[in-house]
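Please read the following report with the sequence and the model open beside it.

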Amino acid sequence: MRLSKPTAALVAAGLALPAFAASDAAALQKLVERMEKLEARNAELEKEVKSLRNESEQISRGLESERISQYEPELTSRLKATEKDVLDMKKPSGIARALDGIKVSAGVATVAQKALGFPSGVTYGDSQLNYRGDIAVELPLQPIGNVEQKLFAHVRVGQGLGLNPAFTGLGYFGATPNAVAFRASGANPDDSVLILGEAWYQAAIPLPFGGFRPDSRETLELTFGKMDIFSFFDQNTAAGDETTQFLNSVFVHNPLLDAGGEVGVDANGFQPGFIASYVNSTDKSQPWRLSLGVFGAGERGSNYQRSFDSPLYMAQAETQLKLFGGLTGNYRLYGWTRSAAVDFDGTTSRHTGVGVSVDQRVGDGVNLFGRYGHLVKGELPFNNALSVGANINGGYWGRASDAVGIGYSWLRASSAYRNLGGSGDLDGDGIADFTFTPSNAENIAEIYYRFNISRQFQLSPDFQWIARGGANGDADPVKVLGLRANIVY
C-alpha cells in the first residue's frame, strides 16, 4: 500500500519510537485517517475554485455584450434582464422629471344671452351665442444660481361677439354685457382662429443681490413679453374672471381702463410690455408689492408697430391685510398715464388716471369687492367709475362649491361729453339714428348663480339690468338674460 507523504512520515516516526501501547497506536491510526480526508476535501475545493473561476470569466464576457443569450450563465441572463427592467422603469420617471413644475390650465366657456327692452328700431344683436377657449402653460426654466425663471404662454380661440356691438352702437359707456365674447381681430364670423395672446418671461431675483433665496424675504421680479395687463394690475379675487364670476366688463376690470380703452390693447386684448416688481414678504401674513409697468398702447403701439411712441405707464402699490378676525383682504392703489390717448371726439391728448381695487373677506363665505377709477386728465364719455358688490359662497345653503355674485356699477358722464351730446346707431350701419343729451350716469346691476355640476363643469344663470345707457335719461332700462357654461381643466 502506497502512503502519502504526511502519512508515511507519521508511520516512520511511529516505528522509530519505542514500543507503543495499543491505545496509542489506535489514536495514531485515527489521526492518519483524518489527514487523508482533509487531503481529499482539499482536492475537491481546488476543482470547485477552478470551476468558479471559469464561470466568473464567462459572466464577465457575457456582461460585456448587451445581448441576452441562452448559452450564457444563468446569473448573467438574470442580471441583464433586471438591468433592462430598471431602464424601462426609468424612462417614464425621466419624463416625469422633465415635466416637473409645468402648469397647464384649459377651459371653454359658452354664453347665450337675450336682451329685453332695446329701443324700438334695433334690428341686430338682441339674441346671441358665443364661445371662447383658453389654454395656458407655465414652464419653469433652469435656475441661474438663486434666480428662478419661467416662461408663460396663453393661446385663445373663439367665435361670436355676443350682444356687445349692439350696446356699443347705442352709445353705452361700458355696459358690454359679455366679457367672454372673443373673435380674433374681428375676423369673419365663420372663422375660428387660434391666436397666441400671451408669451412672456419672468425672472425672480432674491434680494439683496447675491442673497440666498431660501432665506430671502425680498424679491425683484422682472417680466417682459406680450401679456394681459390685468394679470398684473387691477386684480380682484371677487370680480376678475368673466368665465366664473361677473359677465359684464364693468365688474371684471376698472371700466376706465377696459371699457374706456385707457389700456390701449390690440384687437385681441393684449399688448407688449415690461414690468418690474418689488415684493416684500418679511411679514408673511401681510406681504406687499410695488410694481411699475411700461406697455405698448394704442392702435399701433399695442401690435408691435410703434410701441415706443406713446406707451402706457402704470404703477401699483398693493398689500394684503388680515382684518375682521384675521380674514384676508387685498388692497391695490394704482395710477396710469399716456401721452397720446384718444379723446371721445377723436382728438388725442395726455390721459392720466388713478384707481383703487379692493376685495375683503368679511365671513367664511362672503367676499366683498369695490373698484373706483377717476380720469384726472383727458376726455372720455365718462370720467368716474364705481363698482361694488359681493361674492357669497354656497356653503351657507349646503352647496359649498356654488356661489352667488351681486354687483352694481355707476359710470358718471364727463362734463365735456354732456356738453357735446351723445348719439346712437339702431341698425348697425355706422350712421347715427338719434341724438340725446347725456346727464348724470349710466347704471348697471348684475346677479349670477354659479352652479357646480362637477369639479370641471359649471352652469351660471345670469341677469343684468342696465339703465340710462350712455347717461341718456330717456333710455328705457335694458334687461339681459344669460346662461354661461364653463368647462375647466
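## Charges over rings

A charge is said to sit over a ring if NZ of Lys or CZ of Arg is within 6 Å of the ring centre and within 35 degrees of the ring normal. In this predicted model, the charged end of Arg 156 sits over the ring of Phe 182, at 5.7 Å from its centre, and the charged end of Arg 484 sits over the ring of Tyr 448, at 5.9 Å from its centre.

Two notes on the numbers belong here. Residues are numbered from 1 along each chain as its sequence is written, and side-chain values use heavy atoms, with hydrogens and water left out. Since the model is predicted, local features need pLDDT of at least 70 and side-chain atom pairs count only at pLDDT 80 or more, while totals for chains, interfaces and linings use all residues.

## The chain as a whole

The chain has seven helices and 18 strands, where helices (H or I, at least four residues) and strands (E, at least two) are DSSP runs numbered from the N terminus. Of its 489 residues, 41% count as buried; buried means under 20% relative accessible area, exposed means over 50%, and partly exposed lies in between (1.4 Å probe, protein chains only).

A contact means heavy atoms within 4.5 Å. Among the contacts in the chain with a separation of 6 or more, 61% are between residues 24 or more positions apart.

## Aromatic pairs

A pair of aromatic rings is described by the distance of the centres and the angle of the planes. Rings of Phe, Tyr and Trp (its six-membered ring) pair if their centres lie within 6.5 Å, and planes under 30 degrees apart count as stacked, over 60 as edge-to-face and the rest as tilted. By this rule the count comes to 16 aromatic pairs. One of them joins Phe 233 and Phe 295 edge-to-face, with 6.0 Å from centre to centre and 85° between the planes. Phe 233 lies in the loop between strand E5 (218-227) and helix H5 (249-252), whereas Phe 295 lies in strand E7 (residues 288-295), so the pair ties together parts that are 62 residues apart in sequence. Both Phe 233 and Phe 295 are buried.

Another pair, formed by Trp 397 and Tyr 449, is tilted, with 6.2 Å from centre to centre and 35° between the planes. This pair links distant parts of the chain, with Trp 397 in the loop between strand E12 (382-393) and strand E13 (403-413) and Tyr 449 in strand E16 (residues 441-454), 52 residues apart. Trp 397 is partly exposed at a relative accessible area of 40%, and Tyr 449 also counts as partly exposed, at 25%. Elsewhere, ring pairs link Phe 173, Phe 344, Phe 382 and Tyr 417 into a cluster.

## Surroundings of two residues

Which residues does Phe 295 touch, not counting those up to four places away in sequence? They are Met 227, Ile 229, Phe 233, Gln 271, Pro 272, Gly 273, Ile 275, Pro 311, Leu 312 and Met 314. Phe 295 counts as buried because its relative accessibility is 1%, and its C-alpha atom is separated by 5.0 Å from that of Leu 312, 17 residues apart along the chain.

Ile 102 is found in the loop between helix H3 (74-99) and strand E1 (103-116), and at 29% relative accessibility it counts as partly exposed. Leaving aside neighbours within four places in sequence, Ile 102 is in contact with Val 137, Glu 138, Leu 139 and Pro 140. The C-alpha atoms of Ile 102 and Pro 140 are separated by 6.4 Å, although these residues are 38 apart along the chain.

## Backbone details

Leu 207 and Pro 208 are joined by a cis peptide bond, with omega at about 0°, and Pro 208 is in the loop between strand E4 (195-207) and E5.

Asp 234 has a phi near 65°, a positive value in a residue other than glycine. Asp 234 lies in the loop between E5 and H5 and, at 1% relative accessibility, counts as buried. Asn 440, in the loop between strand E15 (434-436) and E16, has a phi near 60°, which is again a positive value in a residue other than glycine; Asn 440 is partly exposed, with a relative accessible area of 42%.
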